[in-house]
Amino acid sequence: MGKSKKTYHKYDINKTLAKVLVLHRVWHGYTQKQIAQCIHVSFQQIQKYERCINRLPGDHLVDICKQKKWDISLFTVDNPHEILNEWINNVDQLSNPDSPYPLRIDQINRAWDKIEDVGIQNYLHESNPRYKSIMEERI
């Protein structure tokens with residue numbers, strides 16, 4: 001039973017890191033390739049971080065944040081949706097037809113949905129008692 005809780009807790013942390021990484025990357029208009037170049041990995045590795053397939057190492061997170069001048073404390077939030085909502089409220093150009101933000105918001109939300117689906121499959125095995133209840137919440 002203790003192992004299940006630990007596994008679920010790891011999943012939550014990695015899911016939050018992945019969501020905030022996607023949020024920062026897409027909101028600021030960076031590609032996965034551009035982020036990968038910051039830490040000398042392939043863009044496929046960034047994909048794996050963003051989809052909770054692989055864990056994002058702390059040193060990579062620090063390097064990305066330093067190079068892109070992102071606030072690393074935002075990666076420790078409980079709810080990445082609050083950051084997105086705050087950023088949306090601070091953008092004046094949302095109604096401008098040429099604004100990139102509506103498309104970016106949609107990309108962020110679609111990526112977050114993938115994180116939920118893939119992350120649950122990767123961090124919670126079907127034999128885990130919590131797997132079924134979490135999957136039912138998604139429906």
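Guide: What follows is an account of helix α2 and its surroundings, with a few words on other sites.

This is a predicted model, in which local features need pLDDT of at least 70, side-chain atom pairs count only at pLDDT 80 or more, and totals for chains, interfaces and linings use all residues. Residues are numbered from 1 along each chain as its sequence is written, and side-chain values use heavy atoms, with hydrogens and water left out.

Helix α2 covers residues 32–39; helices here are DSSP runs (H or I, at least four residues), as strands are (E, at least two), numbered from the N terminus. Its buried residues are Q32, I35, A36, C38 and I39, where buried means under 20% relative accessible area, exposed over 50% and partly exposed in between, with a 1.4 Å probe and protein chains only. These residues cover an arc of only 150° around the axis, which puts them on the same side of α2; the arc is that of the directions from the helix axis to the C-beta atoms. An α-helix has 3.6 residues a turn, so residues three or four places apart point the same way. On the face turned away from the buried side, α2 carries the exposed residues K33 and Q37. Just after the helix, H40 has a positive phi of about 60°.

Next come the helices packed against this one. Two packed helices are described by the angle between their axes and the distance between the axes. The axes of α2 and α3 (residues 43–50) come within 8 Å and cross at roughly 100°. Axes are lines fitted to C-alpha atoms, for helices over the stretch in contact, and angles run from 0 to 180 degrees between N-to-C directions. The two helices, α2 and α3, are therefore roughly perpendicular to each other; angles of 65 to 115 degrees count as such, those under 35 as roughly parallel, those over 145 as roughly antiparallel and the rest as oblique. From α2, the residues Q32, K33, I35, A36 and I39 meet F43, I46, Q47, Y49 and E50 of α3, contact being heavy atoms within 4.5 Å. The residues of this contact of α2 with α3 divide into six nonpolar, two polar and two charged. Here Ala, Val, Leu, Ile, Met, Phe, Trp, Tyr, Cys and Pro count as nonpolar, Asp, Glu, Lys and Arg as charged, and the others, Gly among them, as polar.

With α4 (residues 58–68), the axis of α2 comes within 9 Å and crosses at roughly 110°, so α2 and α4 are also roughly perpendicular to each other. I35, C38 and I39 of α2 meet H60, D63, I64, Q67 and K68 of α4. This contact of α2 with α4 divides into four nonpolar, two polar and two charged residues.

R25, in helix α1 (residues 2–27), is buried, with a relative accessible area of 12%. Leaving aside neighbours within four places in sequence, R25 is in contact with Y30, T31, Q32, I35, E50 and W70.

The cysteines remain. A disulfide is taken as a pair of cysteine sulfur atoms within 2.5 Å, and by this rule the count comes to zero. C65 is in no disulfide, and its nearest cysteine sulfur, that of C38, is 9.9 Å away. C65 counts as buried at 5% relative accessibility, and C52 is buried at 0%.
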